[in-house]
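Dear colleague,

I am handing over the structure below, and I would be grateful if you could look through it before reading my notes.

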Amino acid sequence: MSSPEGSGSEGAAYVYGITPADAAAPDVPGIGATAVRLVQSSELAALVSDVDRPEVESARSMRAHARVLDAAIDAGPVVPLRFGTMVADESAVVSDVLQRHADRFGHLLERLGRHVELAVKVSYDEDAVVRELVASDPGIAARHERIAGVDQDAAYYERIELGEQVAAALEQRRDRDAAEIYDSLCEIADEVNAKEPLNPHMVLNGTFLVRRTKVDAFHEAIEESTRAHPEMRVRFVGPLPPYSFTDVELVS
């Protein structure tokens, strides 16, 4: 929540996320290079630092927000709060955040506390996958050979048809490969947030909620799923806080 304005003051308590009360504050600088501390109430604690409100609205502050949460998830459970969550002071952290939403945060820590988020993007190398499609599809191969060396203008319409044929084959190939990879990873992940591919050559774009004890197995499943596909490129990010599996916006 962006908090209630104090009496003309620009200072605020910035809240990064919620942890169990026995957690330790991460040893990384927060927004404005301020120290991050724990504010506790019963079985919960908030990761907090003091900020000037105007300095929060910057890309540097967003990076600091992520840095604190990334360090926290390395050490143990954390429920990330939205960027920009501020309250008036430490007393308000206790009353308006930890006490008011105790049941909600307790439930989220129970559900997410043993997990991390892993983000996976798998894409085709464009030239490599087109070569494979030409080599594996007799119809595409025949048309490709037929127009090879033919004047571009003379084969204009057939080149368009070849492009459409390749695009259709690529879509079928992508759907099949994506289903196989998702099936493999979903055997290990407890939840998945599948996102739309960013371009026609992206096979998979998703985030996965994985138990900490299964992160190595998840890595192995990705490698196994893509080992037979040299035309694929894998980008793997994590472990991350479970951003995609909780969207906590506090309302005053």
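What is the strand order of the open sheet of 4 strands? The order is β7-β8-β6-β9, with antiparallel pairing, where strands (E, at least two residues) and helices (H or I, at least four) are DSSP runs numbered from the N terminus, and two strands pair if DSSP finds at least two bridges between them. Please note that this is a predicted model, in which local features need pLDDT of at least 70 and side-chain atom pairs count only at pLDDT 80 or more, while totals for chains, interfaces and linings use all residues. Residues are numbered from 1 along each chain as its sequence is written, and side-chain values use heavy atoms, leaving out hydrogens and water.

Because β7 (191-194) and β9 (232-240) are edge strands with a single partner each, one side of each has no neighbour in the sheet. Between β6 and β9, which run antiparallel, there are 7 bridges, and one of the pairs links Ser 123 to Arg 233 in β9.

Leaving aside residues up to four places away in sequence, Phe 218 touches (heavy atoms within 4.5 Å) several residues, including Leu 118, Phe 208 and Phe 236.
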